[in-house]
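Trainee: I would like a close look at one part of this protein, its pockets. Please take me through them step by step.

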Amino acid sequence: MSTYPVANIDLAALKHNLERVKTLTPKSRVMSVIKANAYGHGAIHVAAALSASDAFAVARLDEALQLRGAGIEQPIVLLEGVHSLSELQLAAEFDLSPVFHHQSQIELLSSCQLTTPLSFCWIMLETGMHRLGMTVEGAEDALTEMKKSHNISGQIGLMSHFANADWVDDERNSQQLMRVKQFSEQYGLSVSLANSAAVLSYVDSHADWVRPGLMLYGISPFEDKTAHELGLEPVMRLTSKVIAIQDIKQGDQVGYGGCWQAKQNTRIATVNIGYGDGYSRQLSNTASVSIKRQLARVLGRVSMDMIVIDISGLDIEIGDDVTLWGNDLLAVEQLAQQANTIPYELVCQVSDRVKRNYYNG
Ligand SMILES: *Cc1c(COP(=O)(O)O)cnc(C)c1O
């Protein structure tokens, strides 16, 4: 059985990053965001490692049910809320905390009698992102309905989401914060607004609950600051192995489309990872990998299952380990820039085919 590629997940680094959040936000509670399989890191293992979180947040009901099924007991917030009566009933049954971001969800709440009422839920206020959220008037009506509803027994919080938190000092951030404060102060609601970028750069926005995702995984949300500079430790190291080595001649081409051609005789190695594992095809002919503490360039196109690298002058054998990202030579942030995307996408794309290896637990 093939045992590679592997996403090595450093559980001690995860815990360190949560401690970093807590140090930065001493007055706030922490809702650790573990949607999309904890950004590709494996939601159940991550939730267990981050048990010092005050709550977890996921996007969808299925993600929350999976965590409950694994015995996770903290409050779990459903960032997209529920979309049908049966989802609402399941949310209540499993003591989940839905966000109400749309009038249609309030109508679901008013249309039924839940056997167990919701013990904790949220109103999402639209403040500038224009993705999910109610207008001030809509939120006022929703709050009135929710307060009188027999289907809610506990706290109602106020949530909103920054559209530009990675742009430090952008005035749109302070506008969003002001809109949330106006509403929360009028109705005495606890507030959650800050994602990772705001946790790291916008103290005034921390409020009652922070919602970090990316930084927990040891990744910087800022283009101009490394994780190390922010006191974060990378959690995922993506590795695979060399499965073939060959010597090619000047003029030979490598890979689909022959889009890399040898200018001189070259020693190349084939590595067992490709876009079918989540190693982006955008990295074709651009990225480097690390092997025996040296960088080696990716030659030609990334295939579904393999890449080819230049190992000229290196002492490499079949079976040698290759790191694609996540060590001190290769940050995922840097790879994301090379792939014209954001690090969120690279880690989320690591597919099921890649084994997760949890260590330092
Ligand atoms: C994904 C998400 C977060 C976490 O954002 P990061 O940038 O990963 O910290 C917080 N809040 C909401 C509503 C989200 O969708």
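Trainee: By class, how many nonpolar, polar and charged residues does the lining of the second largest pocket have?

Mentor: Keep in mind that this is a predicted model. The lining of the second largest pocket has 13 nonpolar, 7 polar and 3 charged residues. The space in this pocket comes to about 300 Å³. It is lined by 23 residues, and those closest to its centre are Ala227, Pro234, Asn327, Ala331 and Glu333. Helix H10 gives the most to this lining, with 3 residues.

Helix H10 also leads us to the other pocket. H10 (332-338) is one of the elements that give two or more residues to the lining of the largest pocket. The others are helix H2 (35-39), helix H9 (196-201) and helix H11 (343-349). About 1100 Å³ of space lies in the largest pocket, and 43 residues line it. Nearest its centre lie Tyr39, Asn195, Leu214, Ile342 and Tyr344. Sorted by class, the lining of the largest pocket holds 22 nonpolar, 10 polar and 11 charged residues.

One last point concerns the cysteines. The structure holds 0 disulfides. Take Cys121, which is buried, with a relative accessible area of 0%. The closest cysteine sulfur to that of Cys121 is in Cys112, 12 Å away, and this is too far for a bond. Cys348, with a relative accessible area of 36%, is partly exposed.

Technical notes. Residues numbered from 1 in each chain as written. Predicted model: local features only at pLDDT ≥ 70, side-chain atom pairs only at ≥ 80, totals over all residues. Heavy atoms only, no water. 1 Å grid on protein atoms, 1.4 Å probe; cavity = no way out; pocket = protein on both sides within 12 Å on 5 of 7 lines; lining within 4 Å. Points joined across faces, edges and corners; volume = space filled by probe spheres on them. Helix = DSSP H or I, 4+ residues; strand = E, 2+ residues; numbered from the N terminus. Nonpolar A, V, L, I, M, F, W, Y, C, P; charged D, E, K, R; others polar. Disulfide = S-S within 2.5 Å. Buried < 20%, exposed > 50% of the residue type's maximum accessible area, 1.4 Å probe, protein only.
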